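Subject: The structure, and what turned up in it

Hi,

Here is the structure I promised to pass on.

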Amino acid sequence: MKVLFQVLDVNGDGGICVNDLTIGLKRLGVHRTEHELMKIVKAGDKDLDGQLDFEEFVHYLKDHEKKLRLVFKSLDKKNDGRIDSQEIMQSLRDLGVNISEEQAEKILKRIKRGHIWAPILYMDKNGTMTINWNEWRDYHLLHPAENIPEIILYWKHSTIFDVGESLLVPDEFTAEEKQTGMWWRHLVAGGGAGAVSRTCTAPLDRLKVLMQVHASKSNSMQIAGGFSQMIREGGVRSLWRGNGINVIKIAPESAIKFMAYEQIKRLMGSNQETLGIGERLVAGSLAGAIAQSSIYPMEVLKTRLALRKTGQYSGILDCAKHILRKEGAIAFYKGYFPNMLGILPYAGIDLAVYETLKNSWLQRFATDSADPGVFVLLACGTTSSTCGQLSSYPLALVRTRMQAQATVEGGPQMSMTGLFRHIVTTEGVMGLYRGLAPNFMKVIPSVSISYVVYEYLKLKLGVQSK
């Protein structure tokens, strides 16, 4: 690496810029477009000075080589350390491109600069009609890599795990999944998994809402006491109050968020298979805000239905009519502002923790495949979701209390800042975390149930993971 750095550092100033790469690579017989060279420098330039010093250069090459190893392994279907014409044919067939064996052999054999197959053509140095790891690495090491489809394939997050909140950044889908229509099957499987998961953990969710709204220093509500109080007031069925609307809103919210995310990606000018973390956070947060704005009245209905007394409303429509008649249309957007503010810390911390855990695992253990296995995936999803919820919980509590406010003659109608001050003054900072225990209690069962149901529905819908 030191020798290669010295060769590419044309002017000997201890840094490699785009101009150095252009001249240095030409001397080595490697031809890259200016756009590709700019991507190499941008990918490795940690201090943003427009060039790569030796440390940045080494870090880029090592990181890049790990990604190349994963791609090579995914193409090497026979696992013999070489890629032959049959494997080239199979890999292209998986992408919907059919070629003959003769064409596949030409791809491996011919060397034509500027040809569409150039990334593969240049690699077959020894004329053996196969490509080994060294040939693959030598060609691609100074070629800017896109994110690997296999990683996107195995590390789905927000589609698989449903913890009752809908503020996660949407998952990426590979080009193959979009072309074959697998993306909508993933979303349907995720929606079905979310419905089952939310229904199974609905009693804990309703208890959380009751504790957020009614618990205080003078009215301490414990978990066991809360359950017995709900059953005493409305029977066992009352534990599922508000679950119907909570399940119904999954479909429109997921669809709107996915469509908005894809459109925002296009507006951002990204033609890559996946975005960087920063771009994902921006696009995902905006998509989440659009989706939440569209279905927010359902969030208010869910809270009101969860808090209702026996016989207060006959159903979802009756509750909506009652709110509209008594409080007006504006009541359907109570708590909207703290809800929007909560998107960024929740989505940001969840994404950052998940990506950190994912990349840590990939760097240490992903030698043959990017597939982490069930337990690693569940552990990463549970940890990141818990961190995300913890960061935005005070905003979620204030949102729920604002949603619960009904227009009563002479009753207080507090603003977001007013509620924050009131809670901290009367209950202390811990008052902002009322209901946190049942909320965390439902994370592990929610994640586990949604994963199992997701995998089952995926099989039923004919989703292929590979």
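α12 and α19 are roughly perpendicular to each other, since they pack at an angle of about 80° with their axes 9 Å apart. Roughly perpendicular covers angles of 65 to 115 degrees; under 35 degrees counts as roughly parallel, over 145 as roughly antiparallel, and the rest as oblique. The axes are lines fitted to C-alpha atoms, for helices over the stretch in contact, and the angles run from 0 to 180 degrees between N-to-C directions. Helices (H or I, at least four residues) and strands (E, at least two) are DSSP runs, numbered from the N terminus.

Before going further: this is a predicted model, in which local features need pLDDT of at least 70 and side-chain atom pairs count only at pLDDT 80 or more, while totals for chains, interfaces and linings use all residues. Residues are numbered from 1 along each chain as its sequence is written, and side-chain values use heavy atoms, with hydrogens and water left out.

Back to that helix pair. On the α12 side, Lys208, Val209, Gln212 and Val213 meet Tyr393, Ala396, Leu397, Thr400, Arg401 and Ala404 in α19; contact here means heavy atoms within 4.5 Å. Sorted by class, the α12 and α19 contact holds six nonpolar, two polar and two charged residues. For the classes, Ala, Val, Leu, Ile, Met, Phe, Trp, Tyr, Cys and Pro count as nonpolar, Asp, Glu, Lys and Arg as charged, and the others, Gly among them, as polar.

Helix α12 (residues 202-214) also packs on helix α16 (residues 277-307), at an angle of about 85° and with the axes 9 Å apart. That makes α12 roughly perpendicular to α16. Here Asp205, Arg206, Val209, Leu210, Val213 and His214 of α12 meet Lys302, Thr303, Ala306 and Leu307 of α16. The classes come to five nonpolar, two polar and three charged residues.

Helix α19 (residues 374-404) has a further partner in helix α20 (residues 416-427), with an angle of about 110° and axes 10 Å apart. These two are therefore roughly perpendicular to each other. From α19 come Pro394, Leu395, Leu397, Val398, Arg401 and Met402, and from α20 Met416, Leu419, Phe420, Ile423 and Glu427. That contact has nine nonpolar, no polar and two charged residues.

Not counting residues up to four places away in sequence, Gln403 touches Tyr296, Glu299, Val300, Thr303, Arg304 and Lys334.

Tyr336 lies in helix α18 (residues 336-365) and is partly exposed, at 27% relative accessible area. Leaving aside neighbours within four places in sequence, Tyr336 is in contact with Ser293 and Tyr296. Its C-alpha atom is 9.6 Å from that of Glu299, 37 residues apart along the chain.

Another residue to look at is Glu56, in helix α4 (residues 54-75). Glu56 is buried, with a relative accessible area of 8%. The side chain of Glu56 reaches the backbone nitrogen of Lys46 at 3.1 Å. The C-alpha atoms of Glu56 and Gly44 are separated by 5.7 Å, with the two residues twelve apart along the chain.

Two loop residues have a positive phi without being glycine. Leu48 has a phi near 55°; Leu48 sits in the loop between α3 (34-44) and α4 and is exposed, with a relative accessible area of 73%. Asn79 has a phi of about 55°; Asn79 is in the loop between α4 and β1 (82-83) and is exposed at 57%. Gly235, which follows α13, has a positive phi near 80°.

Finally, the whole chain. Its secondary structure comes to 22 helices and two strands. Buried residues make up 48% of its 466 residues. Of the contacts with a separation of 6 or more, 68% are between residues 24 or more positions apart.

Best wishes

Key: Buried means under 20% relative accessible area, exposed over 50%, partly exposed in between (1.4 Å probe, protein chains only). A polar contact is a pair of N or O atoms within 3.5 Å; within protein, one must be able to donate a hydrogen and the other to accept it, and residues adjacent in sequence count only if both atoms are side-chain atoms.
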